[in-house]
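Biologist: I would like to learn how to read salt bridges and helix packing. Please start with a pair of charged residues.

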Amino acid sequence: MARWLPRSTDLTRFCQKLNRVKTLEDDMMETSFNRCLSTIDLTLLGIGGMVGSGLYVLTGTVAKEIAGPAVIVSFIIAGFASLLAALCYAEFGARVPKTGSAYMFTYVSVGEIWAFLIGWNVLLEYMIGGAAVARAWSGYLDSIFNHKIKNFTETHVGAWQVPFLAHYPDFLAAAILLVATAFISFGAKVSSWLNHVFSAISMGVILFILIMGFVLAQPKNWSTQEGGFAPYGLSGIMAGTATCFYAFVGFDVIAASSEEARNPQRAVPRAIAFSLGLATGAYILVSVVLTLMVPWHTLDPESALADAFYRRGYAWAGFLVAAGSICAMNTVLLSNLFSLPRIVYAMAEDGLFFQVFSRVHPRTQVPVVGIVVFGLVMALLALVFDLEALVQFLSIGTLLAYTFVAASIIVLRFQQQKGDVPVPVAGSRPNPEPHEGPSGSELKEYESFSDKLQLVDRDKSKEQREPGQLKAAFEPYLEFLSDFYPGEVVTMAVVTLMVSAICLCSILVFGNTHLHLPTWSYSLLLVLFSLGFLLSLLLIWVHEQQHSTQTFQIPLVPLSPALSIILNIYLMLKLSYMTWLRFAIWLLLGLLVYFGYGIWHSKENLREPQPQRVSARYVVFPGSSLEERVQAVQPSSQPATGLPDTDIDDCKR
């Protein structure tokens, strides 16, 4: 019976396969894509992904049903929360200018299986999101024509009464997705130009709404006679923040496009900052004018802006609002269709997804197979499926990606950069692997004496510490942490931090409602898990981190990513149990794909080092001058070479 059980070495090797990280090329600017996008192009892509139908629908819904005029405060808090996640994406997009967004960022820092699951969830997020926006676009256009399109379809095609299927086939939604797919397949420059046109019209309409709105504003609509500024109190503001947070999820299209940016180190951080700032400003100002034009409790959640102008006697303005809404939804469609094939391409290029999706068209320089296939899938979803029940599913995939990207920032910031060599400190274990790097007080081990031996400079300070090592100021108090490899303590602390955050948020969300904890245990658990979170944060902070002036870096690490992690987990736990059930089913399907295909075809699997025979090694000991003494060292795993001592002495001389 025991012989059928896996050995510990096999389990260790299997776990190492699951957590192996992606090896980046020396020249990360080399790509099969066309680097043609400027900072303005990326900024407009980000604005198009964020300022969609939510500006015309979400503001009225939150104002009337959740927060009242205090929806303004909700958007301010949501914008700040989104900024924490956006800064993490900005740092990764500048440091790793490769397509793939959250999938790629997780792969280079956390591990393979986690990256695949993130990519798998983002894939579904974009498919459902694009199909849902197409149906909203169709419904909005149909409402302008008094639902004649819907009535014609139900009369001549028929209506369905099947669970999970739409009441009637939405041919208009499928058609707009197919048209958008055709434009996207022409190349990044064509997609960017089309996005410029729709974004310009949308921003022009927003400017018109703001000017007319402030002209028609009536401050009495915020007075106590109308319910006041915050009729639902602080709880309403925070509930509105959770809803408004999802209005800013489109900025990751910028990170997904970094491999097509001309200068990603500068363009990606700037584009994310500009687009998020403009989108936040647009949401806040539109909320101000909307709640000042008419009393908040009389808003129509379905078409708040158009209805507000109509009630103030400007019915013609409703047509401009409708045009702006349709253009805004077009930019969201383009954003989804632009990002999705590139993330699939990144997964296929790494061998974790089917290889056919890694093909890039030689003329247009875009992953045309992925664009066509997933464009057709999105059109099919929009044609026949009822997507209202699945729209909430989008949130969990986005929040999970944000969480892993924030954790990846901490892990990567406290790792050594490629080519760095750890400098041993007092009490630390020496690195057993042979390495080459800058000269210093470490031992340098070579497999070839004649090719590798060289004179080195010894100006490097012995006290210089590498990323992941304990800071010198804390070594007298935390000396036991010096026995770990650089970055090892930080990785364990990040895991502890995430577990503490999950437990803390679970108590906050379910402690009084589902668990019915008594006050003393509720308070005790909050204190314990808060201490665990803060101690993990402190343990990370006492280690050295990378300091680079070449690319953008998020400030206040590890505090900023940690705040993003706890916020994202809190919002995830606020989702319904049906959303979590669907999420679990989708994860199981993803694991089947990974263990059935990805783990065997991964390019990192091919890069795993093969055992090599080494007859002798040479260890170079630093001396007091530029000369070095060389000693032949026999590996313990091999028998002696039988060389006489005189031969070794000759080598030394």
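Modeller: R95 and E91 are four residues apart in helix 4 (residues 71-95), so about one helical turn separates them. Helices here are DSSP runs of H or I, at least four residues, numbered from the N terminus. This is a predicted model, where local features need pLDDT of at least 70 and side-chain atom pairs count only at pLDDT 80 or more, while totals for chains, interfaces and linings use all residues. Residues are numbered from 1 along each chain as its sequence is written, and side-chain values use heavy atoms, without hydrogens and water.

Biologist: What do the side chains of R95 and E91 meet in?

Modeller: A salt bridge, with N to O at 3.6 Å. The term means a side-chain nitrogen of Lys or Arg within 4 Å of a carboxyl oxygen of Asp or Glu. R413 is linked with E91 and R95 in a network of salt bridges.

Biologist: Is E91 buried or exposed?

Modeller: Buried, at a relative accessible area of 1%. Buried means under 20%, exposed over 50%, and partly exposed in between, with a 1.4 Å probe and protein chains only.

Biologist: How are two packed helices described?

Modeller: By the angle between their axes and the distance between the axes. The axes of helix 2 (residues 39-50) and helix 9 (residues 188-215) come within 9 Å and cross at roughly 60°. Axes are lines fitted to C-alpha atoms, for helices over the stretch in contact, with angles from 0 to 180 degrees between N-to-C directions.

Biologist: Which salt bridge does K189 form?

Modeller: K189 pairs with D41, the closest N and O atoms being 3.8 Å apart. K189 lies in helix 9 and D41 in helix 2, so the pair ties together parts 148 residues apart in sequence.

Definitions and conventions. Helices (H or I, at least four residues) and strands (E, at least two) are DSSP runs, numbered from the N terminus.
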